[in-house]
Amino acid sequence: MRWDFAVPGVPVSLATRNRPRRHAWTETVRQEAVAALKGPEFPLLGPVAVGVTYFHEVQPLDVDNMLKPILDGLWPDIIVDDRQVQDVSGSRRDLTKTLAFRNPSPQLVRALAWNQPFVYVQIGVPRDEEEVLWIGAQ
């Protein structure tokens, strides 16, 4: 199973010295996640994989620094403990370039129509160890 949602705006870096701004961003992520992911399956109780993509125009930022405030926004309504995050991936894509998608979700299509920077988050089941390049059998 996979769930996804999008958050309009530019993510706030973990490295920012503006703690109120970082807290506000984490709360925005939480609100968008809760609004998009309603259902009896939440909060998730087992291991999860999280993928985060920042679609930007002119403000690329460090991928590693954007992840933690977004992951913090998943707690406690989507996941009950950040230790559940077994796999995490982060990326950024330039909205000013031509992007092609295979089977985009309705949430991603809606977010692309905003014509502004946004963060797209996917939550699912972690990959089996056999599928992870550096762990799988040879």
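**Asn 65 and its surroundings**

Q: What does Asn 65 touch, if you skip residues up to four places away in sequence?
A: Asn 65 touches Val 12, Ser 13, Leu 14 and Ala 15. Contact here means heavy atoms within 4.5 Å.

Q: Before we go on, what kind of model is this?
A: It's a predicted model, where local features need pLDDT of at least 70, side-chain atom pairs count only at pLDDT 80 or more, and totals for chains, interfaces and linings use all residues. Residues are numbered from 1 along each chain as its sequence is written, and side-chain values use heavy atoms, with hydrogens and water left out.

Q: OK, so where is Asn 65 found?
A: In helix α2, which covers residues 63-72. Helices (H or I, at least four residues) and strands (E, at least two) are DSSP runs, numbered from the N terminus.

Q: And is Asn 65 buried or exposed?
A: Buried, with a relative accessible area of 19%. The cut-offs are under 20% for buried, over 50% for exposed and partly exposed in between, using a 1.4 Å probe and protein chains only.

Q: How much of the chain counts as buried?
A: 39% of the 138 residues.

Q: Switching topic: how many salt bridges does the structure hold?
A: Three. A salt bridge is a side-chain nitrogen of Lys or Arg within 4 Å of a carboxyl oxygen of Asp or Glu.

Q: Which residue does Arg 30 pair with?
A: Glu 27, and their closest N and O atoms are 2.2 Å apart. Because they sit three residues apart in helix α1 (residues 19-36), about one helical turn separates Arg 30 and Glu 27. Arg 30 is buried at 13% relative accessibility, while Glu 27 is partly exposed at 26%.

Q: What about Lys 68, which residue does it bridge to at 3.3 Å?
A: That's Asp 82, going by the closest N and O atoms. Lys 68 is in helix α2 and Asp 82 is in the loop between α2 and β3, so the pair ties together parts that are 14 residues apart in sequence. Salt bridges that share partners also join Lys 68, Asp 72 and Asp 82 into one network.

Q: Then how far apart are Asp 72 and Lys 68?
A: Their closest N and O atoms are 2.9 Å apart. Both lie in helix α2, four residues from each other, about one turn of the helix.

Q: Now pockets: how much space lies in the largest pocket?
A: About 810 Å³. The closest to its centre, out of 31 lining residues, are Arg 2, Val 50, Gly 51, Ser 89 and Gln 122. On a 1 Å grid over the protein atoms alone, a pocket is an open set of points where a 1.4 Å probe fits, with protein on both sides within 12 Å along at least five of seven lines; lining residues have an atom within 4 Å of a point. Points are joined across faces, edges and corners, and the volume is the space filled by probe spheres set on them.

Q: Which strand gives the most to that lining?
A: β3, with six residues. β1 (2-8), β2 (48-56), β3 (85-94) and β4 (118-124) each supply at least two.
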